[in-house]
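Biologist: Please take a close look at one part of this model for me, the surroundings of the ligand. What is found there, and what else can you show me in the fold?

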Amino acid sequence: MKPNLLIVGNPTPRMMTQLTDRFVIHRLSEIDDPQAFLKANGDSIEGVATNGHDGVKPELMAALPNLKVVSCFGVGYDGIDATAAAERGIVVTHTPNVLNDDVANTAIMLMLAVSRRLVHDDAWVRSGKWKSQGSAPLTRSIENKPVGILGMGRIGQKIAEKLRAFNCDLAYHSRSEKADIPYRYYSDLTAMARDVDYLVVITPGGAATRHLVDRPVIDALGPEGTLINIARGSVVDEAALVKALEDGRLGGAGLDVFENEPDVPAALIAMDNVVLTPHVGSATVETRQAMGDLTVENLVRYFDEGKVTSAVPECAQLPAAR
Ligand code: 8YV
């Protein structure tokens, strides 16, 4: 008998093929009356496949009394209460490591795009200004610059490793100093922001990191500073960021994530010292395929072997994760 799997969000066609093979599929987005469905069938659902954006709402988790495994397409799982899941014996999995390179590349792409004014210069060519006004104004190099990384997990380490090729002077802030990390540690985020030209945000979202980058941090980064956010919009106080950019208290920003996606403040859209991307840090064909495969692997292994490949830390003590 195939286990019943509830799908939240939109998996890739490749994932759908793999999942359909192994599970009886129920797609939340295609169910007319989800509440009636859950009332009648909630107890038959043993697995959920979701993503970092949709997560699993507490009401949904509560409506699935026999849920055993939640597989999240994405490394960030702030939309899932993993502690509550672990207490119920539900193992939550995510997709770490396979996206490290592309997310790190996105961070560096944004640093370069803001500093070298890629979008501005592209428009310079297309608009004919190159012909009518001559060369575009000079831009700023990222070479040899001090960079502070907020969050020194797997992706933070990858960003640092890649920035070494640009001879950047690297520092980091995280809750505690990490062993075997060769970069300067700051216990105080504002102090680090004061000492760097670029602040790269790559720390998990959720209540613990909400608005960690607030007005004092942004002011410390200052008019010559650039903020890069490829983590979660919630980590940065977006209103404070917009105000600082408007006042010229911050030099520029490269933003892949926002507080209310897909809504982006009109003020940011109007600025030419910011580069905006639509939450595409991991969005390459190659990486999304690897993430999809790992999302499916976690579900299949759970039901075949009682084990998963990549449980989230909150669930590390559950038998399936050990
Ligand atoms: C996805 C992400 O966009 O991995 C993450 O944490 O933010 C992204 O790779 C997200 O999971 C939504 O699908």
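Modeller: A polar contact here is a pair of N or O atoms within 3.5 Å. Keep that cut-off in mind. The model is predicted.

A polar backbone atom of Val 75 is 2.7 Å from an oxygen atom of the ligand. Now turn to the side chains. His 279 has a side-chain N or O atom 2.7 Å from an oxygen atom of the ligand. Arg 232 has a polar side-chain atom 2.9 Å from a ligand oxygen atom. How much of the ligand does the protein cover? On its own, the ligand has 330 Å² of accessible area, and the protein covers 87% of this.

Next, the whole shell. The ligand is surrounded by 13 residues. The closest are Phe 73, Val 75, Gly 76, His 279 and Ser 282. By type, the shell has seven polar residues, four nonpolar ones and two charged ones.

Strand β6 covers residues 146-150, and strand β7 covers residues 169-173. Five bridges join β6 and β7 in the parallel sense. Find Gly 148, and you will see Ala 171 of β7 opposite.

How values were computed
Residues are numbered from 1 along each chain as its sequence is written. This is a predicted model: local features need pLDDT of at least 70, side-chain atom pairs count only at pLDDT 80 or more; totals for chains, interfaces and linings use all residues. Side-chain values use heavy atoms; hydrogens and water are left out. A residue is near a molecule or strand if one of its heavy atoms lies within 4 Å of it. A polar contact is a pair of N or O atoms within 3.5 Å; within protein, one must be able to donate a hydrogen and the other to accept it, and residues adjacent in sequence count only if both atoms are side-chain atoms. Accessible areas come from the Shrake-Rupley method with a 1.4 Å probe; for residues, only the protein chains shown count as cover. Ala, Val, Leu, Ile, Met, Phe, Trp, Tyr, Cys and Pro count as nonpolar, Asp, Glu, Lys and Arg as charged, and the others, Gly among them, as polar. Two strands pair if DSSP finds at least two bridges between them. Helices (H or I, at least four residues) and strands (E, at least two) are DSSP runs, numbered from the N terminus.
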